[in-house]
Amino acid sequence: MKILCSTTIAGLLSICMGAAAQQVVTRPIISAAPAPAASQPASQTPLPVPVSIPPATAGAGAPGNTGAPASIASTYVVGPEDSIQVIVWKEPTLSGSFPVRPDGMISLALVGDIMAAGRTPMDLATDLTQRLKKFVNDPTVTVSVLAVNSKHIYMLGEVLHIGPLPLTSSLTPLQAISAAGGLSPYANKSHIYILRVDAAGKKTKIPFNYKKAIKNGDLQGVTLLPGDTIVVP
């Protein structure tokens, strides 16, 4: 009787273990890899992230640049003794700095002599581009002004250093007097004037009150032009 019970129990255990083993085998295996995010299904190729490319910044070697703000490059007129830089894009042998000769000309390889004085940098760059098309495939030329030597004013009278001064766009009569070493002890500060001669030869005297400029910073709205003479009696 005990033997029969033991056999029956052993058989039942064997049947239960077999069923459990079968259940384990048929259970699906869970992958260790994480499931794809709902916003990006595994079957869909991820879209490339768009990259915003800023527009090219105008620089010394960038095509079409004149090396100066547009407002200056479009209005400044090159003169004799100025120094300019010409850059031909991807053509270093044709690029370089060139002094404007007293006759207003510069000399460029392949092009030869070309008039630079009396023209804006943009105008000169356009002309050079057209001339170089005979030798260079689709040339891009930039022109910039390196040094302004053609624009001068003149100091005369009771200043420490008489003679020409380079004229920059922001130079005031007070700064010009300072650049000339200042007034002499005998200067008449109340009767300083700017002598201007126009293209027709007409002379104009523009008064400048030195005392008012020093005391109150009042420059009296005087703008210096090339060829002006500051006279200090």
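**View 1. K90 in the loop between β1 and β2.** In this predicted model, K90 counts as exposed, at 70% relative accessibility. The residue lies in the loop that joins β1 to β2 (96-99). Although K90 is not a glycine, its phi is positive, at about 65°.

**View 2. E81 in the loop between α2 and β1.** E81 occupies the loop between α2 (70-73) and β1 (83-88). Its backbone has a positive phi of about 75°, although E81 is not a glycine. With a relative accessible area of 49%, E81 is partly exposed; the residue is not classed as exposed because that class requires a value over 50%.

**View 3. Helix α3, residues 121-132.** Helix α3 has twelve residues. From the first C-alpha to the last, α3 reaches 16 Å, close to the 16 Å expected at 1.5 Å a residue. The buried residues of this helix are P121, L124, A125, D127, L128, T129 and L132.

**View 4. The chain as the setting for the close-up views.** Five helices and ten strands form the secondary structure of the chain. Of its 233 residues, 30% are buried. Among contacts with a separation of 6 or more, 51% are between residues 24 or more positions apart. The chain exposes about 15,400 Å², and carbon and sulfur atoms supply 62% of this area.

Notes: Residues numbered from 1 in each chain as written. Predicted model: local features only at pLDDT ≥ 70, side-chain atom pairs only at ≥ 80, totals over all residues. Heavy atoms only, no water. Helix = DSSP H or I, 4+ residues; strand = E, 2+ residues; numbered from the N terminus. Buried < 20%, exposed > 50% of the residue type's maximum accessible area, 1.4 Å probe, protein only. Contact = heavy atoms within 4.5 Å. Areas by Shrake-Rupley, 256 points an atom, 1.4 Å probe, with all protein chains shown as cover. Expected span 1.5 Å × (residues − 1).
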